[in-house]
Every structure is written in structure tokens, then in C-alpha cells.
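Here is a friendly briefing to read beside the model. Please have a look at the sequence and the fold before going on.

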Amino acid sequence: MKKLTSLCGFIVLVEGHMKMNVPIPYGRSTLENSPLALDGADFPCKQRPGVYAVEDASNVYALGSTNPLNFTGTAVHGGGSCQISMTYDVEPNKNSVWKVLTSIEGGCPARDQTGNMGSNANAADPFQYEFTIPSNIPAGKGTIAWTWFNKVGQREMYMNCGPLTLTGGGGSRANFDNLPDMFKANIGNDCHVPDNKDVVFPDPGKEVTRLNGATNAFHAPTGPGCDSAAGPGPTPEPSAAPKSNKSNPESYLIYLIALNVGFVV
Ligand SMILES: *[C@@H]1O[C@H](CO)[C@@H](O)[C@H](O)[C@H]1NC(C)=O
């Protein structure tokens with residue numbers, strides 16, 4: 001993509017973007033820094049060959065712990081809003097149930113920036129963040145995800161995933177089910193984040209960090225798909241599925257089976 005930048009001035013539109021560095025993503029060697037496809041075709045986790053390859057560490061966290069979050073890249077698009085979410089699926093698919101652990105509204109993945117901090121896709125993003133694992137959810141294996149709605153530039157959704165192991169005990173599935181659903185927008189699901197805004201999540205959960213960007217521009221998302229987060233079942237598929245088709249018994253069954261498998265593992 002660099003060659004495009006030398007041809008024209010649309011740096012914000014075509015420059016490389018950002019990747020999650022810590023937690024360590026799955027398939028780092030095949031993970032590009034681009035957003036999800038605009039029609040949601042590669043949701044979740046940027047589907048590709050090797051998407052769930054565990055290449056280095058496995059992100060082991062104790063229930064109740066607070067843990068570091070940081071990024072690689074300098075094309076921060078003025079920051080925006082991020083979430084850290086998880087599923088108990090070790091190889092999530094589009095029916096996986098993602099629940100929010102921490103929401104960061106504004107200033108993520110960079111604070112006080114009006115645009116990009118540079119164009120070096122491999123440089124460390126100096127800003128450090130944290131997320132919290134609830135103490136009352138089940139231990140076990142799953143997948144952790146960072147999602148990002150950039151403030152400036154093309155309307156996009158980023159999603160990087162990594163392996164997850166939660167240690168400890170005593171938590172309950174009901175507590176997990178009661179966490180908010182991961183917010184989705186800009187992937188063909190009739191929910192949009194306005195340009196030049198730090199999106200305010202409709203249901204951010206209890207762990208919310210609000211950081212100012214260079215401009216104070218918090219704003220709700222727009223569109224009928226934004227409030228698709230009712231109930232513990234899977235949210236509608238990002239593309240194709242009509243919005244009225246909110247409950248899908250078949251995929252809910254798959255979800256239940258997946259949960260049971262997750263428990264046994
Ligand atoms: C990211 O966080 C980890 C864990 O705190 C830390 O060791 C590392 O230096 C950080 N990396 C960057 C690039 O800031």
C-alpha cells in the first residue's frame with residue numbers, strides 16, 4: 001500500500017494501519033494491519049489461512065486481573081474507540097458469542113492525535129492501555145479480541161484476535177452471558193460510526209475508560225443495526241442477514257454445543 005501513498009495525498013485512506021501487539025495475536029506472521037472487509041466477509045478475526053495459528057505466547061490471565069494492551073503502527077487515524085472482548089470459542093466463527101471485558105472510549109489506540117503519528121507500520125505505538133478480566137466468569141480457554149473504530153478517515157472496523165487462557169475458579173456462565181455484546185459497526189450491519197467522532201458504545205459494560213482525543217467528539221453510532229445486542233444468543237450475521245432475523249434457533253443450538261465443548265476442554 002505504500003506505493004499508493006507516493007502517488008497521491010490520501011495518506012489517511014491508504015496508509016497501513018494498526019495491529020494489536022499485546023495481547024499477542026494469533027497468526028502474527030499472516031496478520032495484516034488492515035481493517036475488516038467492509039461487508040464483514042472476514043469477520044471475526046480477519047479470516048485467512050492461518051487465522052488461528054498459535055505462533056508465540058498464549059495470553060494467560062487470572063480471573064480478576066488487569067493486563068496490558070498495546071499496539072504496533074503509527075497510522076492511528078486520530079485514535080477512536082476500542083473494546084477488548086472475548087469468546088470461549090478457541091476458533092471463533094461468525095456465530096461465536098463475543099462479550100465485552102473493557103471499553104475504551106476516545107484516545108485509543110493513541111491519545112491527543114488529530115490524524116496519524118507517522119507512516120511506519122512496524123513502529124511501536126507508545127501509548128499503553130489496560131483491560132480487566134472479570135473475576136466472576138468461568139476459567140477456561142477461548143479467544144480475546146481487540147476491536148477498533150477509528151476516528152478519522154474511512155469508516156472501518158478493525159478486529160485482531162489472540163489465544164486466551166483464563167485461570168482461577170468459581171465463576172459462572174451466567175455472569176459471562178450478562179456481559180454486553182461486543183459492538184459491531186461499519187461491516188455491512190446497518191450500524192455506522194460517524195467520521196471525526198469517538199464512538200460512545202451503546203452498552204460499554206462496567207469497565208469503561210474514557211480518554212479525550214485531540215478533540216472532544218464523543219458521539220453515538222447511527223443506524224438500525226446498532227441495537228442488535230439483545231439477549232444471550234448470537235447477533236445477526238454481519239452481511240446478508242435481514243435485520244429482522246434476530247433470533248436464529250439453529251445457530252443458538254450451535255452456540256450451546258460450542259459452549260459445552262468449551263467447558264470440557
Ligand atoms: C507492550 O506491553 C508489554 C507488557 O506490558 C511491554 O512489555 C511492552 O514493552 C509493550 N510494548 C510496547 C511497544 O510498548
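The count comes to 3 disulfides, a disulfide being a pair of cysteine sulfur atoms within 2.5 Å. This is a predicted model, in which local features need pLDDT of at least 70 and side-chain atom pairs count only at pLDDT 80 or more, while totals for chains, interfaces and linings use all residues. Residues are numbered from 1 along each chain as its sequence is written, and side-chain values use heavy atoms, with hydrogens and water left out.

**Disulfides**

- With the bonded cysteines numbered in sequence order, the pairing reads 1-4, 2-3, 5-6.
- C45 and C161 have their sulfur atoms 2.0 Å apart, and the torsion about their S-S bond is about -80°, so this disulfide is left-handed. The pair links distant parts of the chain, with C45 in the loop between β1 (19–22) and β2 and C161 in strand β8, 116 residues apart. Strands (E, at least two residues) and helices (H or I, at least four) are DSSP runs, numbered from the N terminus.
- Both C45 and C161 are buried, where buried means under 20% relative accessible area, exposed over 50% and partly exposed in between (1.4 Å probe, protein chains only).
- C82 is joined to C108 with an S to S distance of 2.1 Å, and this link is left-handed, with -100° about the S-S bond. C82 sits in strand β4 (residues 80–87) and C108 in the loop between β5 and β6 (129–132), 26 residues apart.
- C82 has a relative accessible area of 1%, and C108 one of 0%.
- The disulfide of C191 and C226 is right-handed, because its S-S torsion is about 100°.

**Sheet**

- An open sheet of 6 strands runs in the order β2-β8-β7-β4-β5-β10, with mixed pairing; two strands pair if DSSP finds at least two bridges between them.
- At the edges stand β2 (60–62) and β10 (208–210), each with a single partner strand, so one side of each has no neighbour in the sheet.
- Strands β7 (residues 140–150) and β8 (residues 158–167) run antiparallel and are joined by 9 bridges. G142 stands opposite L164 in β8.

**Largest pocket**

- The largest pocket is lined by 16 residues, and P134, N136, N175, L179 and K206 lie nearest its centre. On a 1 Å grid over the protein atoms alone, a pocket is an open set of points where a 1.4 Å probe fits, with protein on both sides within 12 Å along at least five of seven lines; lining residues have an atom within 4 Å of a point.
- Strand β5 (residues 99–105) gives the largest share of that lining, 3 residues.
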